[in-house]
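The structure under discussion is shown first.

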Amino acid sequence: MKKETIRIDSLSTGYRLKREVRVVARNINASIHSGELTCLLGANGAGKSTLLRTLAAFQPPIDGSIRIMGRNINEFSDKELSKAIGVVLTEKVDIRNMSVEDLVGLGRSPYTGFWGILDDTDRQVVRDALAMVKIEMLKDRMTDTLSDGERQKVMIAKVLAQQTPIIFLDEPTAFLDYPSKVEIMQLLHSLSRNENKTVFLSTHDLELALQIADKIWLMDKEKGVVIGTPEDLSYDGSLSSFFNRRGIVFDVGNGLFRIDNECSRSVCLTGNRKLFPLVRKALQRNGISTLTESTGCTDIEVNVSESDTGLEFTVKRDGKPDMNVSGINGLLESVQ
Amino acid sequence: MPYMLLITALIVFVFMLNLLLGSVSIPFRAVWNIIWNAGGNDIIQQNIVLKSRLPQAVTAIVAGAGLSISGLQMQTVFRNPLAGPSVLGISSGASMGVAFVVLLSGSIGGVALSRLGFAGDMAMTVGAIAGSLSVMALIVYVSQKVKGNVTLLIIGVMIGYVANAIIGVLKFFSVEEDIRAFVVWGLGSFARVSGNQTTLFFYMMIIVLPLSFLLVKTLNLLLLGDAYARNLGLNIKRARMYVISYSGILVAIVTAYCGPINFLGLAVPHLCRGIFKTSDHRTLTPACILVGALFALTCNLIARMPGIEGALPVNSVTALVGAPVVITVLFRKRRNNGIAE
């Protein structure tokens with residue numbers, strides 16, 4: 001049940017200084033839908049944070065309009081806004097002597113009364129939020145003893161306790177190790193699906209975003225904002241032109257990026273085809289491109305096979321005896 | 001909760017000790033009779049208890065509570081553990097006000113204020129309140145203009161320096177007798193307030209102190225940092241204005257009556273966080289009131305230890321007694337957590 005929750009019309013973001021207006025991004029037209037995970041990609045300085053801050057009403061737009069669920073964002077009061085949009089920011093929250101449960105409980109502030117006391121409903125919402133992020137066991141831990149990944153989950157639980165239809169996250173996967181990055185992204189993706197939330201986040205983790213996002217926003221200083229599904233953007237060449245730099249190749253076939261070293265030599269692979277990708281990766285890193293029999297062979301042929309002890313290679317060169325080596329390391333030494 | 005009750009009991013106990021102990025020894029029975037106004041008391045003893053020890057103890061309780069609350073709020077609003085009541089230059093403002101009154105009355109009016117007695121005291125109080133409130137108004141104005149907390153903190157510290165510089169200039173042009181009066185005021189004391197002034201001070205604080213509970217939700221949200229607090233519906237500028245104004249008024253009143261008292265407001269909030277193991281202002285606010293009162297009463301008692309002629313300066317006693325206590329609490333806490341910072 002996807003619905004347009006955010007509508008952006010000819011939006012320009014930036015800062016009003018004393019004498020001048022510094023525009024960061026201009027004329028953005030887009031909409032963001034509920035039940036979808038949208039990832040905002042762009043180089044440092046492209047204006048991702050400014051856009052997020054503008055969408056979260058932390059700063060006013062320079063021009064254009066933002067409509068949240070059909071209403072202009074300017075018409076929202078502080079209170080209404082706090083029940084519509086929840087944020088997870090890059091700044092690190094570690095308050096000494098505050099338990100995870102209490103911190104998540106602060107997410108209920110828009111709903112609590114003058115003293116900020118949680119009633120039974122509020123406490124249930126907090127428990128549910130902790131359960132959704134699967135951190136029930138952390139509830140009595142102090143926030144200053146959490147790891148970065150745990151803390152990020154706690155902040156996501158806080159935003160869930162806030163019960164907003166829209167969630168903005170500024171680089172939620174920064175500073176995390178790779179498994180934690182994947183875990184957080186999967187969590188956000190399932191939240192958008194299961195809870196029908198509108199999830200919009202900025203990130204530098206390209207491959208992760210391309211694999212998990214429903215929509216990608218590519219943001220660039222000159223080209224503006226390009227929006228689409230990861231597959232559409234990779235098919236129409238937006239992604240490759242976007243990240244068109246020396247040494248980075250966007251593989252349209254699998255929709256992933258590859259670091260490309262310039263190759264001066266080539267070898268021909270024969271034998272067990274299943275093992276080719278692994279060998280190819282190692283050779284490419286060392287500036288050797290690979291061919292197969294179907295594309296024609298050069299003077300060096302490498303036969304790849306598998307044994308109980310690991311990878312086995314037979315290196316055949318014209319006019320030299322065959323050489324048997326084992327392991328990638330052995331192969332690299334023999335062909336160089 | 002048991003801690004709160006224990007601390008309240010300790011306050012009652014130390015309060016009684018404050019009435020009982022001093023450079024003149026008065027037997028317990030006599031003190032008891034004087035308090036309950038049973039007849040046949042020695043008039044001198046009655047004066048010592050009712051006009052000296054009782055006002056001092058009451059002053060210490062409300063002043064200690066007020067400064068601690070102010071310190072707690074400043075530390076939260078600036079997210080800085082080193083912030084305290086004096087950090088925004090508000091107490092320097094009070095000193096400047098007093099300096100103007102004390103030092104200029106001598107140079108311009110031709111009278112040494114120290115000779116005027118009650119009128120002189122009154123003038124000093126008014127000067128302190130005027131000075132601190134004008135600095136506070138300036139800070140509140142600035143707080144609505146600048147974005148970052150650190151910027152505001154630095155501006156506050158700068159204003160404090162300017163106030164101190166003005167005091168220096170005033171001192172330079174003043175007669176020695178007045179400078180002495182000013183220096184004595186600057187030492188801080190719970191004993192200066194007397195008679196009707198104690199009553200006035202006490203009532204003012206009894207009205208102002210409970211208002212601190214109105215700010216607990218605001219302060220809890222500010223713990224998260226400005227951006228998160230704002231996202232949870234808090235108007236940051238207004239929140240800052242409320243907290244700084246409230247805190248500033250507390251400092252202004254206390255400083256006007258007791259002089260600048262430094263250490264207490266910085267230390268007691270840390271002590272409370274250590275004892276109660278929480279950052280929740282719903283607990284910390286009453287905790288600071290109670291611990292602040294107990295701390296001030298204890299220091300007042302030590303300052304007038306039997307055997308010491310007169311009284312030691314409160315500022316020296318608070319730091320001498322308080323610093324080891326705070327350091328111990330912080331150390332013990334770290335060992336409990338087992339986590340280095």
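1. In this predicted model, B:Gly64, B:Leu67, B:Ser68, B:Gly71, B:Leu72 and B:Gln75 of α3(B) meet B:Leu264, B:Gly265, B:Leu266, B:Val268, B:Pro269, B:His270 and B:Arg273 of α12(B); contact means heavy atoms within 4.5 Å. By class, the contact of α3(B) with α12(B) comprises six nonpolar, six polar and one charged residues. Here Ala, Val, Leu, Ile, Met, Phe, Trp, Tyr, Cys and Pro count as nonpolar, Asp, Glu, Lys and Arg as charged, and the others, Gly among them, as polar.

2. The axes of helix α3 (residues 43-77) and helix α12 (residues 263-276), both of chain B, lie 7 Å apart at an angle of about 75 degrees. α3(B) is therefore roughly perpendicular to α12(B), a label for angles of 65 to 115 degrees. Axes are lines fitted to C-alpha atoms, for helices over the stretch in contact, with angles running from 0 to 180 degrees between N-to-C directions. Helices (H or I, at least four residues) and strands (E, at least two) are DSSP runs, numbered from the N terminus.

3. Within the largest nonpolar core, of 181 residues, A:Ile156, A:Phe168 and B:Phe201 touch the most other members. Helix α13 (residues 281-303) of chain B supplies the largest share of this core, 14 residues. A second, separate core of 17 residues includes A:Val267, A:Leu275, A:Leu283 and A:Val335. A nonpolar core is a set of buried Ala, Val, Leu, Ile, Met, Phe, Trp, Tyr and Cys residues joined through side-chain atoms within 4.5 Å; buried means under 20% relative accessible area (1.4 Å probe, protein chains only).

4. Not counting residues up to four places away in sequence, A:Ile156 touches A:Val88, A:Val133, A:Leu169, A:Ile184, A:Leu187, A:Leu188 and A:Leu191.

5. A:Thr198 belongs to strand β8 (residues 198-202) of chain A. This residue, A:Thr198, counts as buried because its relative accessibility is 1%. Beyond four places in sequence, the contacts of A:Thr198 include A:Thr5, A:Ile32, A:Glu36 and A:Pro165.

6. Chain A has 11 helices and 17 strands, and 48% of its 336 residues are buried. The radius of gyration of chain A is 26 Å, whereas a compact globule of 336 residues would have one near 20 Å; the radius is taken over C-alpha atoms, and the globule rule is 2.2 Å times the number of residues to the power 0.38. Along its principal axes, the C-alpha trace of chain A spans about 90 × 50 × 40 Å.

7. On conventions, residues are numbered from 1 along each chain as its sequence is written, and chains are lettered from A. Local features need pLDDT of at least 70, side-chain atom pairs count only at pLDDT 80 or more, and totals for chains, interfaces and linings use all residues, while side-chain values use heavy atoms, without hydrogens and water.

Notes: Angles under 35 degrees count as roughly parallel, over 145 as roughly antiparallel, 65 to 115 as roughly perpendicular and the rest as oblique. Buried means under 20% relative accessible area, exposed over 50%, partly exposed in between (1.4 Å probe, protein chains only).
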